Amino acid sequence: MTCADLTVTGEQLKEAVGTFPSGVTIVTTHDGGRDVGLTVSAFTSLSLEPAMVMFSVASTSSSIPYLTAGAPVGISVLADGQGPLARQFATRGVDRFSGVDIIRRGREVPVIDGSAAWFAGEIVDVFQGGDHAIFTVAVRECGTGRGVQPLLYQRGRFHDWGSQGS
Ligand SMILES: Cc1cc2nc3c(=O)[nH]c(=O)nc-3n(C[C@H](O)[C@H](O)[C@H](O)COP(=O)(O)O)c2cc1C
């Protein structure tokens with residue numbers, strides 16, 4: 001495959017970008033007593049001092065109205081074996097939190113119990129980037145699951161450590 005054409009399609013870009021291995025996170029917020037969450041792999045660190053991270057979400061996402069500047073946010077880095085949770089939080093029309101063990105952090109945001117790492121803080125800025133929105137997050141608290149390996153994601157598949165992918 002080559003991306004040398006004048007017009008790169010979304011599918012071409014997805015195929016090329018998909019070679020870049022990442023982790024998988026669940027981004028959550030807590031709004032008026034209601035928990036909202038979705039699966040996000042477009043997550044990265046942004047700043048050390050002050051502590052900030054960032055993630056991006058499709059503008060068509062139904063979670064966008066809840067992800068506003070100042071909103072509390074939780075980010076859970078899924079652990080090896082938590083692939084089913086990544087699917088659950090990417091499925092529409094289901095209770096995404098059903099059967100999920102959560103711990104409340106920061107301003108009551110739910111984070112996934114047993115995750116490889118978690119961050120809690122609030123959204124600082126929202127920028128438009130093409131058909132996605134980019135969120136910068138001030139991290140107020142974070143932690144890691146000692147000895148817990150993260151779930152790996154590449155080419156649309158989850159890779160447990162040592163596996164061929166699923
Ligand atoms: C492994 C995985 C990674 C994903 N990464 C992202 C992402 O980085 N950004 C995004 O907008 N959607 C991502 N998605 C898709 C959303 O989770 C999915 O579209 C979800 O339905 C959005 O929920 P909402 O419309 O209720 O907000 C990912 C899905 C999976 C399974």
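Colleague: What relative accessible area does Glu-108 have?
Modeller: Glu-108 counts as partly exposed. That class sits between buried (under 20% relative accessible area) and exposed (over 50%), using a 1.4 Å probe and protein chains only. The value for Glu-108 is 43%.

Colleague: What sort of model is this?
Modeller: Residues are numbered from 1 along each chain as its sequence is written, and side-chain values use heavy atoms, with hydrogens and water left out. Local features need pLDDT of at least 70, side-chain atom pairs count only at pLDDT 80 or more, and totals for chains, interfaces and linings use all residues, this being a predicted model.

Colleague: What is the phi of Glu-108?
Modeller: Glu-108 is in the loop between strand 6 and strand 7; helices (H or I, at least four residues) and strands (E, at least two) are DSSP runs, numbered from the N terminus. Its phi is positive in a residue other than glycine, near 70 degrees.

Colleague: Which residue is the bridge partner of Arg-105 in strand 7?
Modeller: Strand 6 (residues 102-105) and strand 7 run antiparallel, joined by 4 bridges; strands pair if DSSP finds at least two bridges between them. They form a hairpin with 3 residues between them, and Gly-106 in the turn has a positive phi of about 50 degrees. Within strand 7 (residues 109-112), Pro-110 and Ile-112 point one way, Val-109 and Val-111 the other, and all are buried. The partner of Arg-105 is Val-109.

Colleague: Which strand supplies the largest share of the lining of the largest pocket?
Modeller: On a 1 Å grid over the protein atoms alone, a pocket is an open set of points where a 1.4 Å probe fits, with protein on both sides within 12 Å along at least five of seven lines; lining residues have an atom within 4 Å of a point. The lining here has 41 residues, with Val-40, Ser-41, Ala-42, Ser-56 and His-132 nearest the centre. The largest share, 5 residues, comes from strand 4.

Colleague: Where is Pro-50, which is joined to Glu-49 by a cis peptide bond?
Modeller: Omega for that bond is about 5 degrees. As for its place, Pro-50 is in the loop between strand 3 and strand 4.

Colleague: What relative accessibility does Ser-61 have?
Modeller: Ser-61 is in the loop between strand 4 and strand 5. Not counting residues up to four places away in sequence, Ser-61 touches Leu-38 and Arg-92. Ser-61 counts as buried because its relative accessibility is 13%.

Methods. Contact means heavy atoms within 4.5 Å.
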